[in-house]
Amino acid sequence: MRSGLAIVACAAALILAACGGGGGGGQSLTADEFRQQADAICKQYEDKLNELGSPSSLDDLGAFFDKAVPIIEEGNSKLQDLEAPDELSADWDRAMELQDKNLQAARDLQEAIHDNDTARVQDLVAELDATDSESTRLARKVGLEKCGQQNG
């Protein structure tokens, strides 16, 4: 599980870095404005996650996720407030579906860590890893740079 610790520590960052987002009720943006604002949000919240540092033990992991999950929730909320222009909306909406799934997996991961359920932690990390790749692909497809970086 020691090598798994590094993967789990990156899980919070990869949830945001892939940056899915969906039509929220925001103001209509041009494609360039949308890309600029989405990448700025990803950078802002990724920086907040990076400020938490990396847990150095399994004991630190629970406290890490207790701080990380609210940051991820807030970042995803900001991304949902953006409304993608029509030409990007289908891919952006699909990416948001993946981000919602990732956020739930992060919440489940937080619970599994507190329950010391190592098998569940490993399953959730694998789930996050799988959806991260597709979410990253979609972020790149809509032209995002910061949100289109894959971690891990």
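In what order do the elements of the protein chain run from the N terminus on? They run α-α-α-α-α. The model is a predicted one.

**Overall make-up**

The protein chain holds five helices and zero strands. It has 152 residues, and 46% of them count as buried. Among contacts in the protein chain with a separation of 6 or more, 79% are made by residues 24 or more positions apart. The accessible surface of the protein chain is about 7400 Å². Carbon and sulfur atoms account for 43% of that surface.

**Nonpolar core**

The largest nonpolar core has 34 residues. Which of its residues touch the most other members? They are W92 and L109. Two or more residues of this core come from each of α2 (31-51), α3, α4 and α5.

**Largest pocket**

The space in the largest pocket is about 190 Å³. Its lining is made up of 11 residues, and L58, D59, L61, I113 and N116 are the closest to the pocket centre. Helices α3 (58-81), α4 (86-114) and α5 (118-141) each give two or more residues to the lining. The largest share, four residues, is that of α3. Sorted by class, the lining contains five nonpolar, four polar and two charged residues.

**Two individual residues**

N116, already named among the residues closest to the centre of the largest pocket, sits in the loop between α4 and α5. Its phi is positive, about 55°, although N116 is not a glycine. Most residues other than glycine have a negative phi. Is N116 buried or exposed? N116 is exposed, because its relative accessible area is 67% and the cut-off for exposed is over 50%.

D129 belongs to helix α5. Its relative accessible area is 39%, so D129 is partly exposed: the value falls between the limit for buried, under 20%, and the limit for exposed, over 50%. How many residues apart in sequence are D129 and N102? They are 27 residues apart in sequence, and from C-alpha to C-alpha the distance in space is 9.4 Å.

The table sets out the accessibility of these two residues.

| Residue | Relative accessible area | Class |
|---|---|---|
| N116 | 67% | exposed |
| D129 | 39% | partly exposed |

Key. Residues numbered from 1 in each chain as written. Predicted model: local features only at pLDDT ≥ 70, side-chain atom pairs only at ≥ 80, totals over all residues. Heavy atoms only, no water. 1 Å grid on protein atoms, 1.4 Å probe; cavity = no way out; pocket = protein on both sides within 12 Å on 5 of 7 lines; lining within 4 Å. Points joined across faces, edges and corners; volume = space filled by probe spheres on them. Nonpolar A, V, L, I, M, F, W, Y, C, P; charged D, E, K, R; others polar. Core = buried A, V, L, I, M, F, W, Y, C linked by side-chain atoms within 4.5 Å. Buried < 20%, exposed > 50% of the residue type's maximum accessible area, 1.4 Å probe, protein only. Contact = heavy atoms within 4.5 Å. Areas by Shrake-Rupley, 256 points an atom, 1.4 Å probe, with all protein chains shown as cover.
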